[in-house]
Amino acid sequence: MRAFATLLERLAFTPGRNAKLRLLRHYLEATPDPDRGYALAALTGDLKLRTVTPGLLRGLMVERVDEQLFALSYDFVGDLAETIALLWDTDRDEDVPLHQAVALLRDTGKAGLPVAIAGMLDRLGPSQRLAFLKLATGNMRIGLSARMARMALAEMGAPDVAQIEEIWHGLTPPYQPLFDWIAGGARPENAAKAPFRPVMLSTPVDLDQLGAFDPTDYIAEWKWDGIRVQAINDGGVRRLYSRTGEDISASFPDLIEALNFDGAVDGELLVRRGEDVAVFGDLQKRLGRKQVGRGMLDSHPASLRVYDLMIWGGRDLRDLPLTDRRAVLEGADFGSDRIDISPLLGFSTWDDLAALRADPPAPVIEGVMIKRRDSPYVGGRPRGPWFKWKRDPHVVDAVLLYAQRGHGKRSGFYSDFTFGLWDADQLVPVGKAYFGFTDEELRELDRFVRNNTVERFGPVRSIAPKLVLEVAFEGLNASGRHKSGVAMRFPRISRIRWDKPVSEADHLSTLKAMIP
Amino acid sequence: MRADQILHPTPAGLYCPPGDFYIDPVRPVPRALITHGHGDHARSGHGAVMTTRQTLEIMAIRYGADFAGQRQAADGPIRVGDTTVSFHPAGHILGSAQIAVQPDQGPKIVVSGDYCRHPNPVSAAYEPVPCDIFVTEATFGLPVFRHPDPAGEMTRLLASMAEFPERPHLIGAYALGKAQRLIMLARQAGIDGPIAIHGALQRLCDYHVEQGIDLGPLVPATAKQVDAQLVIAPPSAFASAWVQRFRDPVIGFASGWMAVRARARQRGVELPLVISDHVDWPQVTQTITELAPQEVWITHGAEDGLLRWCELQGIPARPLRLVGYEDEPE
């Protein structure tokens with residue numbers, strides 16, 4: 001478990017995505033089975049172990065350390081598992097195999113748990129103690145998505161990410177067949193019902209590029225601002241997957257209950273009240289919940305707007321042309337008013353479509369999708385058959401207020417910018433942006449930050465309010481968590497307005513008026 | 001004479017009436033005794049300074065030769081007013097000392113300054129000095145602080161350098177003491193090639209070499225192109241445009257605080273290295289146990305933890321709550 005503990009620590013402090021991938025790949029390559037499989041499951045949240053309560057751990061500690069010293073320590077460290085890992089007094093530092101720790105947490109009965117945990121802690125050095133306690137409390141928090149874990153696996157051998165995603169949900173820790181496959185063995189049979197299938201993605205396009213194509217070869221539909229999902233009912237086994245293959249069924253029991261069909265469909269997850277599709281912020285409230293309360297189910301009902309059929313009535317439709325799949329879709333009976341079909345848009349020229357895109361009938365439409373009529377359903381992001389033509393972003397002119405140093409390739413540069421808008425005669429922070437500018441602009445911004453610093457707080461500087469930034473963003477949610485009351489989606493710096501006086505920056509009221 | 005008539009805190013620092021001197025004063029005073037060369041303990045502008053020869057030389061490097069009206073190197077017991085003072089190695093940095101104050105009447109007081117009992121190749125080892133009153137720091141005065149073997153921390157540095165061979169590793173370390181210790185630890189860990197140092201370290205590194213500490217090949221990290229994977233710089237350099245010459249660096253920091261993740265995160269560090277020049281919890285408690293003083297005074301740091309421990313041991317202790325000393329200077 002020493003290597004696992006080291007990996008956890010490195011991942012926790014490494015901001016760069018590529019660096020994280022390399023750390024993980026090196027670990028997986030160097031670690032034997034079954035430990036690497038358990039590590040992978042722990043990192044992706046797929047390891048189901050007995051969860052040890054904070055109360056149990058605290059109880060172990062106060063038997064060993066003066067309560068007041070423990071309280072002072074916890075207060076300083078701020079994290080219970082870490083406090084205990086640091087406080088535990090032992091001179092031993094055995095390299096205990098991860099599977100032993102997993103077995104202990106999986107198989108020990110509740111009554112025996114305190115003694116077993118103390119016995120394990122007695123054998124471990126501080127970094128392994130922390131890894132073990134994080135495992136025990138089920139709280140890794142290292143910012144590694146299951147998608148990234150699969151990318152690291154894809155770098156290890158022949159199967160690519162899409163192929164791994166396809167079989168992922170049929171596998172269980174410690175994934176021996178998966179590692180065998182990566183090492184050159186046979187592809188694991190996906191025995192599980194309702195497996196995830198790679199999603200077909202689109203590429204961005206604009207009016208100029210569309211000029212090269214014949215509009216009659218394409219259909220178009222609205223691009224709904226929800227979450228792209230794959231909904232499946234496979235012989236009664238129901239699943240809802242995100243487009244990267246995360247199983248999000250548990251957060252949407254209302255929609256799962258409505259999947260009264262036999263097939264696998266591609267669509268948009270939305271919160272819909274009657275005919276009204278709610279703003280993205282409403283859907284966001286439903287995300288990431290392990291359990292959804294009755295009240296939330298009533299006030300924020302989930303629904304599905306179907307774009308495409310992958311499997312239907314036991315038949316795999318993916319090789320058929322889109323128009324054939326669409327014909328089956330339009331004749332399908334979903335048997336629930338939570339599920340409807342994404343309507344097609346009538347157009348004969350690209351200019352027609354541009355006019356529709358410019359004036360969508362609902363605020364939760366973020367543009368149009370354009371799909372070749374003859375396109376089969378192909379996982380991944382093939383160039384050409386499907387385009388997304390997004391609505392122009394919103395923009396506001398905001399004032400640069402704070403800057404924070406970046407990491408990795410941006411080390412030494414102030415590259416994370418907090419900007420604000422006027423509220424009466426005060427500037428209030430409304431968001432953060434760290435992309436949208438060129439390398440040359442980054443150098444200019446960095447110079448500006450250094451020359452106009454008012455105060456420093458660690459890696460953050462507050463900046464004299466002198467510079468206006470044009471900030472582009474995709475959407476806006478009301479937010480109780482932000483002081484300004486609004487949260488922007490995908491904010492980025494679209495232009496640096498060296499020319500514009502700060503007094504002419506926008507007001508918070510202008511931004512609030514944009515909330516749908 | 002009561003102990004607090006021999007030594008007591010004042011706004012300028014710890015003052016000794018019978019000797020009419022201050023120890024590590026934070027403001028200019030007529031007569032100062034100084035434990036070590038870190039900027040928060042050794043300031044310029046005093047009338048007279050007494051400290052170890054090496055600390056005098058370090059102060060001259062940092063502040064110029066005329067940093068005080070008079071300068072006296074401490075060697076053996078010295079009469080100051082109605083007291084006898086002596087300087088003893090503290091194991092913290094080069095030239096660091098504890099100051100023992102023996103009044104003609106009354107208890108003997110040892111002011112340990114900042115001290116450390118881990119083996120340190122750049123400092124003479126800490127020497128226990130029997131006393132009636134032991135004045136200790138409590139920088140890491142909580143039982144969560146058990147500094148690991150620095151060799152193990154170097155193993156982590158080497159592993160990262162091997163894992164990311166294309167990325168320069170920039171390690172923040174205080175210019176006096178920690179930087180040179182880090183270089184020596186790197187040498188012990190087998191890094192024989194050039195180590196790049198930030199310009200702010202140059203003169204202090206030169207001084208260590210003059211004092212017989214072989215730091216090995218060092219190259220300046222000021223050039224446009226720096227030909228070393230390991231670069232050592234004072235933490236303040238990371239906020240400057242100097243960092244921009246390095247492509248995709250791994251930023252590290254060598255400090256006892258790095259043992260606590262929240263602290264490492266606040267600094268935006270990718271590679272925290274737990275290397276400290278201060279006593280950790282086992283060392284401070286062991287030192288007090290060994291010396292068995294009648295009373296313990298605590299200068300600065302996490303005094304609540306150490307006070308509680310003294311209470312549990314039945315050792316009288318009190319906090320001096322001195323202001324002006326950094327937790328662990330940078």
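Domain bounds, as used here, come from an automatic or database domain assignment. The structure is a predicted model, in which local features need pLDDT of at least 70 and side-chain atom pairs count only at pLDDT 80 or more, while totals for chains, interfaces and linings use all residues. Residues are numbered from 1 along each chain as its sequence is written, and chains are lettered from A and ligands numbered from 1 in the order in which they are written.

Chain B is divided into domain 1, made of residues 3-144 + 278-319, and domain 2, made of residues 150-273. Taken over C-alpha atoms, the centres of domain 1 of chain B and domain 2 of chain B are separated by 29 Å. Two residues are said to be in contact if their C-beta atoms, placed from the backbone, lie within 7 Å. By this criterion, 15 residues of domain 1 of chain B are in contact with 13 residues of domain 2 of chain B. The side belonging to domain 1 of chain B has 7 nonpolar, 7 polar and 1 charged residues. In this classification, Ala, Val, Leu, Ile, Met, Phe, Trp, Tyr, Cys and Pro count as nonpolar, Asp, Glu, Lys and Arg as charged, and the others, Gly among them, as polar.

Within chain B, helix α2 (residues 53-63) has Gln54(B), Thr55(B), Leu56(B), Glu57(B), Ile58(B) and Met59(B) buried. A residue is buried if 20 or more other C-beta atoms lie within 10 Å of its own, exposed if 12 or fewer, and partly exposed in between, with C-beta atoms placed from the backbone. Helices (H or I, at least four residues) and strands (E, at least two) are DSSP runs, numbered from the N terminus. The cover over the buried residues of α2(B) includes β5 (46-51), β6 (68-73) and α5 (202-210) of chain B. After α2(B) comes Gly64(B), with a positive phi near 95°.

Chain A contains 20 helices and 20 strands. Its radius of gyration is 26 Å, close to the 24 Å that the globule rule gives for 516 residues, so chain A is as compact as a globular protein of that length. This radius is taken over C-alpha atoms, and the rule is 2.2 Å times the number of residues to the power 0.38. Of the 516 residues in chain A, 38% are buried. Chain A is divided into domain 1 (2-137), domain 2 (203-390) and domain 3 (394-512).

Val77(A), in helix α5 (residues 67-77) of chain A, is buried, with 22 other C-beta atoms within 10 Å. Leaving aside neighbours within four places in sequence, the contacts of Val77(A) include Val144(B) and Val260(B).
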